[in-house]
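Let's take a walk through a protein model together. Have the sequence and the 3D view ready, and look things up as you read.

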Amino acid sequence: MATKPLAPGAVIGILGGGQLGRMIALAAAPLGLKTHVYCPDPDSPAFEVATAHTVAAYEDEAALAAFRDKVDVVTYEFENVPAATAKAVSAKTPLFPDARALETTQDRLTEKTFLRKLGLPVPDFAAVDDRDGLAAALAAIGRPAVLKTRRFGYDGKGQILIREGLAVDQALAAMGGQPAILEAFVPFRAECSVIAARGRSGEFRAYDVVENRHENHILRSSHVPAAIRRETASAAFEIAKKIADALNYVGVLGVELFVVDGPAGERVLVNEIAPRVHNSGHWTIEGAATSQFEQHVRAIAGWPLGSTKARGEVTMTNLLGAEANRWREALAENGASLHLYGKGDPKPGRKMGHVTRVKTAG
Ligand code: AMP
């Protein structure tokens with residue numbers, strides 16, 4: 001399979017048409033690269049900024065084959081790309097990050113097992129397939145603990161906190177019969193993430209560690225630099241590099257971390273890996289020398305990676321649901337950069353856009 005670097009004018013195929021696909025397409029254009037977005041939703045926000053698009057199901061083999069033949073490389077903006085879709089596409093066209101990155105990260109149990117085998121710090125966890133499994137896992141891990149579906153969970157969906165007193169059956173019911181994982185509850189002081197990129201030749205670059213605030217499990221804001229010790233930041237970078245190297249990863253990845261205060265000082269535990277550009281990296285569009293979206297395009301194109309240097313202190317705030325109606329306020333504010341994703345229905349909690357504020361030194 002050809003793995004030559006892309007030439008300007010080449011076409012990047014993107015599976016998924018949400019805001020992440022939209023921002024990848026927007027970053028590809030100034031580099032002289034075209035984009036073709038594939039998504040089943042005819043109202044996909046990415047369609048309006050891409051060179052071409054296909055509306056078809058991820059299971060539509062004929063549409064996938066036609067898409068794959070029109071593009072030079074394929075990437076994706078969400079980790080739940082079905083394995084068969086990844087296989088169909090990568091049979092003829094390079095897929096970055098590859099099918100192994102997808103497989104490892106789309107199942108929480110596979111992901112945590114991979115991390116533990118790498119010797120990386122993760123909360124205690126155990127597989128839960130049924131009632132007896134949950135009872136055994138709770139006996140081993142204790143309460144409080146968090147029960148999560150192994151697949152398809154995002155923004156806190158498909159998870160439940162098991163405190164003292166919560167009946168095992170009630171917790172299991174929340175999983176809707178799906179295979180699950182039980183994790184020890186982590187009494188974290190902060191949540192952080194590392195956004196990093198690995199190029200086709202193994203070149204690795206990470207942005208400053210980001211501190212993230214969530215509300216109702218949805219990312220509310222991201223701030224750089226994170227209020228953590230230098231040694232903790234170094235440990236976080238090492239974790240991201242180990243993961244990227246072990247997966248022979250190509251592209252941008254996000255590694256979500258818990259920062260915990262313990263007797264031995266501050267330390268981090270890995271929560272999860274996102275094999276894609278990440279909401280907590282949106283600040284890089286105005287706040288870093290190279291945005292995470294451009295960096296992803298460079299990496300999958302086989303091009304040199306760009307500088308990850310931050311331009312100052314940066315805060316990115318998501319516009320959720322009806323908050324996006326207040327877009328004029330952001331426009332009126334000096335130094336605030338407004339991004340709206342072109343989505344129709346501002347359902348509560350839906351990511352409609354974001355605002356970035358950069359405070360440059362001096
Ligand atoms: P996740 O979908 O795994 O990223 O979880 C969403 C959010 O739930 C995280 O950002 C945390 O705020 C919280 N959470 C997830 N797992 C744990 C855990 N093991 N301990 C404490 N909080 C957690």
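Start at Gln 106, which touches Glu 79, Asn 80, Val 81, Ala 83, Arg 150 and Arg 151, leaving out residues up to four places away in sequence; contact here means heavy atoms within 4.5 Å. Gln 106 sits in the loop between α4 (99-105) and α5 (108-117). Helices (H or I, at least four residues) and strands (E, at least two) are DSSP runs, numbered from the N terminus. Is Gln 106 buried or exposed? Gln 106 is buried, with a relative accessible area of 6%. Buried means under 20% relative accessible area, exposed over 50%, and partly exposed in between (1.4 Å probe, protein chains only). The side chain of Gln 106 also makes a polar contact with that of Arg 151, at 3.4 Å. A polar contact is a pair of N or O atoms within 3.5 Å; within protein, one must be able to donate a hydrogen and the other to accept it, and residues adjacent in sequence count only if both atoms are side-chain atoms.

A quick note on the source: this is a predicted model, where local features need pLDDT of at least 70, side-chain atom pairs count only at pLDDT 80 or more, and totals for chains, interfaces and linings use all residues. Residues are numbered from 1 along each chain as its sequence is written, and side-chain values use heavy atoms, with hydrogens and water left out.

Now for helix α10 (residues 292-301). Nine of its ten residues are buried, among them Phe 293, His 296 and Ile 300. Just after α10 comes Gly 302, with a positive phi of about 80 degrees.

What about the cysteines? Cys 39 is buried at a relative accessible area of 9%, and Cys 192 is buried at 2%. The structure holds zero disulfides (a disulfide is a pair of cysteine sulfur atoms within 2.5 Å).

Next, some backbone features. Most residues other than glycine have a negative phi, and most peptide bonds are trans. Here are some exceptions:

| Where | Feature | Value |
|---|---|---|
| Phe 96 to Pro 97 | cis peptide bond | omega about -10 degrees |
| Val 224 to Pro 225 | cis peptide bond | omega near 5 degrees |
| Asn 216 | positive phi | near 50 degrees |
| Asn 248 | positive phi | about 50 degrees |

To find them, look in the loops. Pro 225 lies between β12 (218-224) and α8 (230-246), while Asn 248 lies between α8 and β13 (251-262). Asn 216 is in the loop between β11 (210-215) and β12, and Asn 216 is exposed, with a relative accessible area of 70%.
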